[in-house]
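Biologist: I am new to reading protein models, and I would like to learn how to do it. Could you take me through one, feature by feature?

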Amino acid sequence: MAEDGLGPDSLGDDPRIRSLDERLKRAQAAENERTGADKAVANESYNLGNRVLAELLGGMIGGALIGWVLDRLFGTSPALLLTLLFLGIGVAFRNIYRISQRSK
């Protein structure tokens, strides 16, 4: 059966195959536009940016809030507030660095 020359290699440059490929590509592009498949990358970047912002704000606000509460509790004016604020910022930057390393 292989001797008769019929098979995928014997098709050569058939205009019907080229036309079918072009129609398939146009249909796939139209379907991607209709379903928003091209926007998946943009959504991924947007979500990553929101996560980085949440880490940064969460670290700063969390550290400052806990430091303020402990300052009120122990009577140490700005010492614990500043210490835990900078500790929260450090932890936030560490988490942002980890996020950036994971996304590669």
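## Reading the model together

Modeller: Let us begin with a pair of side chains: Arg16 forms a salt bridge with Asp14, and the closest N and O atoms are 3.1 Å apart. The model is predicted, so to speak of a local feature we need pLDDT of at least 70, and side-chain atom pairs count only at pLDDT 80 or more, while totals for chains, interfaces and linings use all residues. Residues are numbered from 1 along each chain as its sequence is written, and side-chain values use heavy atoms, with hydrogens and water left out.

Biologist: What is a salt bridge, and how many does the structure hold?

Modeller: Side chains of opposite charge can pair when their charged atoms come close. The term is used for a side-chain nitrogen of Lys or Arg within 4 Å of a carboxyl oxygen of Asp or Glu. The structure holds two of them. Besides the bridge of Arg16 and Asp14, there is one where the side chains of Arg34 and Glu31 meet, at 2.7 Å from N to O.

Biologist: How many residues apart are Arg34 and Glu31 in their helix?

Modeller: Helices (H or I, at least four residues) and strands (E, at least two) are DSSP runs, numbered from the N terminus. Arg34 and Glu31 are separated by about one helical turn because they are three residues apart in helix 1 (residues 15-35). The protein chain has three helices and zero strands, and its elements run α-α-α from the N terminus on.

Biologist: Which residues form a nonpolar patch on the surface?

Modeller: Patches are made of residues with over 30% relative accessible area and no salt bridge; like charges are joined within 9 Å, and nonpolar side chains (Val, Leu, Ile, Met, Phe, Trp, Tyr) within 5 Å. Here Leu53, Leu57 and Ile61 form the nonpolar patch, with about 280 Å² of accessible area together. Such areas come from the Shrake-Rupley method with a 1.4 Å probe, and for residues only the protein chains shown count as cover. Leu53 is found in helix 2 and is partly exposed, at 46%.

Biologist: And which residues gather in a patch of positive charge?

Modeller: For charge, Lys and Arg count as positive and Asp and Glu as negative, with His and the chain ends not counted. A charge is placed at NZ of Lys, CZ of Arg, CG of Asp or CD of Glu. The positive patch gathers Arg51, Arg94, Arg98 and Arg102. Its largest share, three residues, comes from helix 3 (residues 79-102). Arg102 lies in that helix and is exposed, at 56%.

Biologist: Which residues does Leu56 touch?

Modeller: A contact means heavy atoms within 4.5 Å. Leaving aside residues up to four places away in sequence, Leu56 touches Ala92, Phe93 and Ile96. Leu56 is found in helix 2 (residues 40-74). The C-alpha atoms of Gly88 and Leu56 are separated by 8.5 Å, although the two are 32 residues apart along the chain.

Note on methods: Buried means under 20% relative accessible area, exposed over 50%, partly exposed in between (1.4 Å probe, protein chains only).
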